[in-house]
Amino acid sequence: MNVSFYPGPSQLYPEVEHYLTDAYRSGILSMNHRSAAFMDLLAQTVAALSEKLALPAEYEIYFTSSATECWEIIAQSLIGHRSLHAFNGAFGQKWYEYTRRLFPDCVAQPFGVDEPLDVAGIASVEQADVLCLTHNETSNATAISSELLLASRHAFAGLIAVDATSSMAGVALPWEAADVWFASVQKCFGLPPGLGVLIVSPRAVEQAQRVADHRHYNSLLFVRENFLKNQTPYTPNTLAIYLLYRVMQQVSPIRQIDVQTRQRAQAWYALLEKLPVAPLVGNEAVRSPTVVAFRGEGLFIGKLKERALIEGIVLGNGYGEWKNTSVRIANFPAITDEDIHRLRVFLQNNILKFL
Ligand SMILES: *Cc1c(COP(=O)(O)O)cnc(C)c1O
C-alpha cells in the first residue's frame with residue numbers, strides 16, 4: 001500500500017480501518033442527531049479532545065465542517081470593527097482574502113518566510129480588535145513558536161485567533177496565548193477530511209455576545225447554543241465525530257506526542273543537512289515541526305517525486321509559488337516509524353541519482 005507524506009489530506013492512523021467497521025456496526029450512523037446516543041457521543045468526544053489536548057477547562061470546543069468555515073465564522077461573529085492578518089504564506093493570505101470579502105477594510109501585514117513574527121512592531125496593530133495568525137503555515141513549512149505567540153499576547157490587547165490546522169494534535173499549543181484556535185482533522189489528527197475543530201476562550205464568547213451576530217446558520221452564538229446542549233446546528237458528520245472520538249481515546253497525551261513530533265522533525269532536518277538539498281526555510285527558529293520542506297530545481301524535484309510514487313511513497317507537492325520547486329513532507333503523528341524509515345532510505349538512495 002502507498003504511504004502518504006502529503007500534508008493534508010494525509011496518512012490516516014492505521015486503526016481507522018477498524019474504527020470504520022465499528023462505526024457501521026454500532027448503529028450510530030443512522031441515529032438522529034438529537035438522540036441521547038448521539039448527544040452522548042458528542043459530549044464524550046469533546047471531553048476526550050479537551051483531555052488529550054490539555055485544554056484549559058474553561059475553553060469550549062465546537063465542530064464545524066472545515067478550517068475554512070472557521071475563517072468565515074470568525075469574520076462574521078467575532079470581528080467588531082477590524083481584523084489584522086499577519087501572515088507569511090498562502091493559507092494566512094487566503095484567510096485574509098476570505099475575510100476581506102466580508103470586511104473590506106481588514107488589514108494585511110505580510111512578513112518574510114525567514115522572519116519571526118513581531119506583533120509589537122506592527123504600526124497598525126492598535127486599530128484592530130482581532131489579530132489573525134497562522135500557527136503553522138502549511139504552504140511553506142514555517143511555524144510561530146510558543147514564545148512568539150505569548151509575546152503577541154502581551155503586545156496586543158484584543159482577541160487573538162489562530163489557525164492551527166496543520167499543527168493541532170501534533171504539537172502542544174500555548175492555549176492561553178489565544179482566544180480562538182481551529183483546525184481540520186485531515187492533518188495532524190490522522191483522520192479523513194470533513195470535520196473542523198473550533199476552540200474558543202471565555203473572552204471570545206464575550207466578544208461574540210458583543211458582536212451579537214445571529215444572521216447565519218453557523219453564527220458562533222447559535223453554534224454554541226447547540227453545543228451547550230450536546231447538539232449541533234445542522235445534521236452533523238456523525239462518522240467523522242465517531243472516528244475522532246476513537247482516535248482521541250487511542251492517542252497519547254499531547255505532551256508526549258509533542259516530544260515525538262519534535263524529535264522526528266529534528267531527525268528530518270538532520271537528514272536534509274547530510275543530503276545535497278536545502279531546507280525551504282533557512283532560519284531554524286521559524287521551521288515547522290509538523291511540515292518539513294526542501295527545495296530544488298524543478299526537473300530534479302519532479303523526477304524525485306515520480307520515482308517516489310513508483311516505490312509507493314507519496315511526497316507532498318510544493319504550494320503556490322513553490323509548487324514545482326519544493327517537496328513537503330508531513331511530519332504528522334499518524335505516520336509510523338516504519339514508514340518514516342522507508343522514506344529516509346528512499347531519499348538517501350535517490351537524491352544523488354536525480355541531481
Ligand atoms: C489545510 C489548511 C486549511 C484548510 O483546511 P480545510 O479543511 O480545507 O478548510 C487552512 N489553513 C491551514 C493552515 C491549512 O493547512
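Biologist: Where does the largest pocket lie relative to domain 1 (3–10 + 253–354) and domain 2 (16–250)?

Modeller: First, what counts: on a 1 Å grid over the protein atoms alone, a pocket is an open set of points with protein on both sides within 12 Å along at least five of seven lines, and a cavity is a set where a 1.4 Å probe fits but cannot get out; lining residues have an atom within 4 Å of a point. Here both domains give residues to the pocket's lining, so the pocket lies between them. The domain bounds come from an automatic or database domain assignment. This is a predicted model, where local features need pLDDT of at least 70 and side-chain atom pairs count only at pLDDT 80 or more, while totals for chains, interfaces and linings use all residues. Numbering runs from 1 along each chain as its sequence is written, and side-chain values use heavy atoms, leaving out hydrogens and water.

Biologist: What volume does the largest pocket have, and which residues are closest to its centre?

Modeller: A volume is the space filled by probe spheres set on the points, with grid points joined across faces, edges and corners. For this pocket that comes to about 420 Å³. Of its 17 lining residues, R262, E284, R287, S288 and P289 are the closest to the centre. Helix α9 gives the largest share of the lining, 4 residues.

Biologist: And the second largest cavity: what lines it?

Modeller: Its lining includes Y13, K52, C188, F189, M248 and I257. Domain 1 and domain 2 both contribute to that lining, so this cavity also lies between them. Its volume is about 50 Å³.

Biologist: Which residues lie nearest the centre of the largest cavity?

Modeller: N88, F111, T142, A143 and I144, out of 17 lining residues. That cavity holds about 110 Å³ of space.

Definitions and conventions: Helix = DSSP H or I, 4+ residues; strand = E, 2+ residues; numbered from the N terminus.
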